[in-house]
Amino acid sequence: MDINLTDIDKTKRQLSAELSYEELTPYFDKAVAEYRKKAMIPGFRKGKAPASMIKKMYGEGLEYNALEDIANEIFHKYIVDNKTDILGKGAITDMDYKPKEKLNFKIEFEVMPEVVIAKYKGLDLKKTKYIIDDSLVDEEIQYHKFRNATNELDGIASDDNYTITVDLQNLDEAGNVLIGQSQKDLRIFLGNPQIYPEFKEAFKGIKEGEVKIIDSKNAEGGPKKVQITCTKVEKLVLPEMNEEFFKKITAKEGITTLDEFKAEIKGELTKIYDGISDRKFRADVINEMIKANEVDAPELYIDVILKSMIEDLKHQQPKHELPKDFIEDEFKKERRVDAILQAKWYLMRDKLIEMENIEAKEEDYLKIAEENAERYNIPADKLITAYKDNEDVKMKIINDKILDLIIAGSNVEEIAELKTKEDLEKQEG
C-alpha cells in the first residue's frame with residue numbers, strides 16, 4: 001500500500017493512496033461475507049449459500065460497492081495512527097479502480113491550523129471618550145417634555161405647539177374630487193420639521209372647520225392639488241419643570257432644580273455613550289488582534305459561522321421563517337468576510353485561553369448574577385445556578401477576560417469626541 005499526504009494550503013490536506021488487488025482482497029472478502037448473511041439464493045436457506053457462489057454471482061458488483069468504504073476505512077486508520085487533528089470529515093475527490101489490478105483514490109480534508117499568537121501585548125489602541133454637549137441634554141429633556149405633554153382643544157393653531165386633525169382629499173387640475181384618493185382623521189404636529197413647505201405655510205393659523213386647497217406635487221414631481229379640512233385643533237401643553245416631573249423621569253428623589261435635572265440627564269447620557277464607546281473599543285481590539293497575528297481560518301469554521309448567521313437571521317423574522325426572497329448563496333457571499341474574521345478571532349481566543357489558563361470562576365458568575373438580579377427580579381443565588389449551566393454565559397465571561405487581558409497590556413490613547421444634537425439628527429436622518 002502506497003500512501004502520500006500533500007498540503008493543499010495551510011489548513012487543507014490531500015491523502016492519496018494506491019492499493020494492489022492483493023491488498024484489496026481481504027476487504028472484498030469481507031464485503032462478500034457481509035452480503036452472504038442476507039443473500040437469498042434459490043436452493044439455500046438465507047445466509048447459507050457458499051461464499052464462492054456469492055463471489056461468482058455478485059463478486060464484481062460487490063467490489064465496486066465496497067470501494068468507498070475501503071477508502072474511508074484506510075483514511076480513518078491513517079488519521080488515528082498519525083494522531084491527525086481533523087476538522088469534519090474527509091471528502092473523496094477521486095476514485096480509480098482497475099479490476100483485478102489496483103485501486104487509486106484521493107481524499108481531501110481540513111486540519112486545525114497551527115495558531116501562533118505573536119502579539120497580544122503592547123498593542124497601540126485608541127478609545128473614544130464621548131463628551132456630551134448641552135444641546136444633546138436639552139434635546140433629551142425636550143423629548144421627555146413632549147412625551148409627557150397634554151393636549152387642550154383650541155380654535156386656532158397660532159404657533160407650532162399645536163396638533164391639528166385634518167381630512168385630506170386629492171383634486172384634479174380643475175379642482176374636482178379624485179375618488180379613492182383621500183385620508184381621514186390625519187393628526188399632524190405642526191412642529192414636525194418633516195412637513196412639506198407648502199403644507200407648513202397652509203397650516204399657519206388654521207382654524208377648526210377651515211378648508212384650504214394646497215398646490216403641491218405628486219411622487220413624479222408633477223403638479224397636484226390637495227384639499228384639507230381641519231376638523232380639530234389641539235394646543236400642546238408641556239409639563240412644568242418641577243420636582244414632580246423630575247422624579248417621574250429619573251425615578252429618583254431629591255432632584256429639585258432644573259440644573260440638577262440637567263446634570264442627571266447628562267450623567268445618564270454619558271453612561272449610554274460610555275457603553276457605546278466600550279462596545280466599539282472592544283470590537284476594535286479584536287480587529288487589531290486579527291491585523292497583528294496571521295491566523296488561517298479553516299473553511300469548515302467559516303461555513304459553520306455563516307450557517308449560524310442564517311439561523312440568527314431566521315430567529316429575528318416573524319414565525320422564525322426566512323423571507324421568501326432570501327437567497328442563501330448570496331447571503332453567504334455578502335457575509336463571508338465577516339465570517340472569516342470571526343473564525344480567526346475564535347481560533348485566537350481559544351489559543352489565548354490555553355496560553356493564559358483563562359476560565360470562568362465562581363466570582364465571575366456571581367458578579368453577573370448580582371448585576372442582573374434586580375433587572376429580572378430574581379435572587380442572585382437562583383441566577384448563578386442557571387448561569388453556570390449556560391455555555392453562552394461561560395463564553396461571555398471568558399471572552400471578556402481575554403479582552404480585558406489584552407487591553408490591560410496595551411497602550412490605550414483616549415480620543416475625546418463631542419456629541420451634539422446635530423450628530424443625533426444626522427444619525428436619525
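In this predicted model, Phe 245, Phe 246, Ile 249 and Thr 250 of helix α5 meet Leu 258, Phe 261, Glu 264 and Ile 265 of helix α6. By class, the residues of this contact comprise six nonpolar, one polar and one charged. The axes of α5 and α6 come within 10 Å and cross at roughly 10 degrees. Because angles under 35 degrees count as roughly parallel, α5 and α6 are roughly parallel to each other.

## Helix α6 and its surroundings

Helix α6 covers residues 258–292, which gives it 35 residues. From its first C-alpha to its last, α6 reaches 50 Å, close to the 51 Å expected at 1.5 Å a residue. Which residues of α6 are buried? They are Phe 261, Glu 264, Ile 265, Leu 269, Tyr 273, Ser 277, Phe 281, Arg 282, Val 285, Ile 286, Met 289 and Ile 290. The elements that cover these buried residues include the strands β5 (124–132) and β11 (411–419). They also include the helices α3 (134–147), α5 (243–250), α8 (328–356) and α11 (391–408).

One of these covering elements, α3, has 14 residues and reaches 20 Å from its first C-alpha to its last, close to the 20 Å expected at 1.5 Å a residue. In α3, the buried residues are Ser 135, Leu 136, Val 137, Ile 141, His 144 and Lys 145.

## Helix pairs

Two packed helices are described by the angle between their axes and the distance between the axes.

| Helix pair | Angle between axes | Distance between axes |
|---|---|---|
| α1 and α2 | roughly 115 degrees | within 7 Å |
| α9 and α11 | about 105 degrees | 11 Å |
| α5 and α6 | roughly 10 degrees | within 10 Å |

Helix α1 consists of residues 21–36 and helix α2 of residues 51–81. The crossing in which α1 passes α2 is right-handed. On the side of α1, the contact is made by Tyr 21, Leu 24, Tyr 27, Phe 28, Asp 29, Lys 30, Ala 31, Val 32, Tyr 35 and Arg 36. On the side of α2, it is made by Ala 51, Ile 54, Lys 55, Tyr 58, Leu 62, Glu 63, Ala 66, Leu 67, Ile 70, Glu 73 and Ile 74. This contact of α1 with α2 holds 15 nonpolar residues, no polar ones and six charged ones.

Helix α9 (residues 362–376) packs against α11, and these two helices are likewise described as roughly perpendicular to each other. Asp 364, Tyr 365 and Ile 368 of α9 make the contact with Val 393, Lys 394, Ile 397 and Lys 401 of α11. The contact of α9 with α11 has four nonpolar, no polar and three charged residues.

## Arg 349 and Asn 399

Arg 349 lies in helix α8, and Asn 399 lies in helix α11. Is Arg 349 buried or exposed? With a relative accessible area of 13%, Arg 349 is buried. Asn 399, at 15% relative accessibility, also counts as buried, because buried means under 20% relative accessible area.

Leaving aside neighbours within four places in sequence, Arg 349 is in contact with Met 395, Asn 399 and Ile 402. On the same terms, Asn 399 is in contact with Trp 345 and Arg 349. Arg 349 and Met 289 are 60 residues apart in sequence, and their C-alpha atoms are 10.0 Å apart in space. Met 289 is among the buried residues of α6.

## Residues with positive phi

Most residues other than glycine have a negative phi.

His 320 has a phi near 55 degrees, a positive value in a residue other than glycine. Where does His 320 lie? Its place is in the loop between α7 (299–315) and α8. His 320 is partly exposed, with a relative accessible area of 42%.

Asn 377 likewise has a positive phi, near 55 degrees. Asn 377 lies in the loop between α9 and α10 (380–388), and Asn 377 is exposed, with a relative accessible area of 71%.

## Lys 217 in strand β9

Lys 217 is in strand β9, which covers residues 211–217. At 60% relative accessibility, Lys 217 counts as exposed. Apart from its neighbours within four places in sequence, Lys 217 is in contact with Glu 198, Gly 222, Pro 223 and Lys 224. Lys 217 and Glu 198 are 19 residues apart along the chain, and their C-alpha atoms are separated by 9.7 Å.

Methods. Residues numbered from 1 in each chain as written. Predicted model: local features only at pLDDT ≥ 70, side-chain atom pairs only at ≥ 80, totals over all residues. Heavy atoms only, no water. Helix = DSSP H or I, 4+ residues; strand = E, 2+ residues; numbered from the N terminus. Expected span 1.5 Å × (residues − 1). Buried < 20%, exposed > 50% of the residue type's maximum accessible area, 1.4 Å probe, protein only. Contact = heavy atoms within 4.5 Å. Axes fitted to C-alpha atoms, helices over the stretch in contact; angles between N-to-C directions. Left-handed = near helix turned anticlockwise from the far one by under 90°. Nonpolar A, V, L, I, M, F, W, Y, C, P; charged D, E, K, R; others polar. Parallel < 35°, antiparallel > 145°, perpendicular 65-115°, else oblique.
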